[in-house]
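Visitor: Hi, could you walk me through this one? I'd like to go contact by contact.
Guide: Happy to, let's bring it up.

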Amino acid sequence: HNANAVDKVVAFLEDLQPDVFLDGGDIICADCLSTYPKSHRQLVGLQDEIDEAKVWMGRINRTIPNARKVLLKDNHFWRRLEDRKKGSVWLEDLNATKPEALMKLDELGWSAVIKYQWKDTLVFIHGDDKNGSQDCPVNRSRKMVQLSGMSVVRFHSHVTGYEVSRHMGKEHCAIQMGAFEDTALNDYMKHPEMSNWTTSCGVFYLSKTSDEFHYVPIVFKSGRFIFNGKIY
């Protein structure tokens, strides 16, 4: 991950103190579980990655102690581990090998969900297994909005986009958020100088009495971003 960007987000969270913190997933690459060809640098032990993820979650706990913490289930760790377990049937129902148990989410006070829903309208998901065109960052989110008639927030494509659509007389948002991976260190991004591979997150203001919400994008440019007039 881009350590500079992560540090800035933590400083921002200290100021914001949100009610809910939602991590979009892929905090563990789990390349060791994949069948893809990989370099020597990618051969990181799964336990080392899990330990690093727990350090991150502990840092979030200390920064925003009163917030509810949610982790989205993703394709890198959750799906790859489940695929491996299907090849060894005796592992499938073994509670100790579940991702939640391996990461000790209960002990850390985090929950893991496939989707996070707000009053039947706002759904955070890591995403499907299709990348989506780099030419249109919100194209997968847009299609899901059209099909489901509710707002959708995805992370899977590692790009940033935001648009408001109308569906059945209501306004819905198609939102795609970027990643915090260091583009200089990953092996599968062929042309980082040309691709819409962005570092971004966002703040959601959710109504307590209705399904209305507002979204403020936070997009890094030259390693910095601005929120409420303050430069981070």
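Visitor: Which residue does Lys230 form a salt bridge with?
Guide: Lys230 pairs with Asp15, and their closest N and O atoms are 2.8 Å apart. A salt bridge here is a side-chain nitrogen of Lys or Arg within 4 Å of a carboxyl oxygen of Asp or Glu. Lys230 belongs to strand 12 (residues 230-231) and Asp15 to helix 1, so the pair ties together parts that are 215 residues apart in sequence. Helices (H or I, at least four residues) and strands (E, at least two) are DSSP runs, numbered from the N terminus.

Visitor: Before we go on, where does the model come from, and how are residues numbered?
Guide: It is a predicted model, where local features need pLDDT of at least 70 and side-chain atom pairs count only at pLDDT 80 or more, while totals for chains, interfaces and linings use all residues. Residues are numbered from 1 along each chain as its sequence is written, and side-chain values use heavy atoms, with hydrogens and water left out.

Visitor: Thanks! Back to that pair: how exposed is Lys230?
Guide: Lys230 is partly exposed, because its relative accessible area is 40%. Asp15 also counts as partly exposed, at 44%. The cut-offs are under 20% relative accessible area for buried, over 50% for exposed, and partly exposed in between (1.4 Å probe, protein chains only).

Visitor: How many salt bridges does the structure hold?
Guide: There are 10 salt bridges. One of them joins Asp31 to Arg80, with the closest N and O atoms 3.5 Å apart.

Visitor: Are Asp31 and Arg80 buried or exposed?
Guide: Both Asp31 and Arg80 are buried. Helix 3 also holds Glu82 and Lys85, 3 residues apart, about one turn of the helix. Those two form a salt bridge as well, at 3.4 Å between the closest N and O atoms. Glu82 is partly exposed at 28%, whereas Lys85 is buried at 2%.

Visitor: Switching topic: which residues touch the most other members of the largest nonpolar core?
Guide: Ile28, Trp56, Phe77, Met103 and Trp110, out of 36 residues. A nonpolar core is a set of buried Ala, Val, Leu, Ile, Met, Phe, Trp, Tyr and Cys residues joined through side-chain atoms within 4.5 Å. Apart from this core lies another, of 15 residues, including Leu72 and Phe124.

Visitor: What does Asn61 touch?
Guide: Not counting residues up to four places away in sequence, Asn61 touches Lys69, Leu108 and Trp110. Asn61 lies in helix 2 (residues 46-63) and counts as buried because its relative accessibility is 18%. The Asn61 side chain reaches the backbone oxygen of Leu108 at 2.9 Å.

How values were computed: Polar contact = N/O pair within 3.5 Å; in protein donor to acceptor, adjacent residues only side chain to side chain. Contact = heavy atoms within 4.5 Å.
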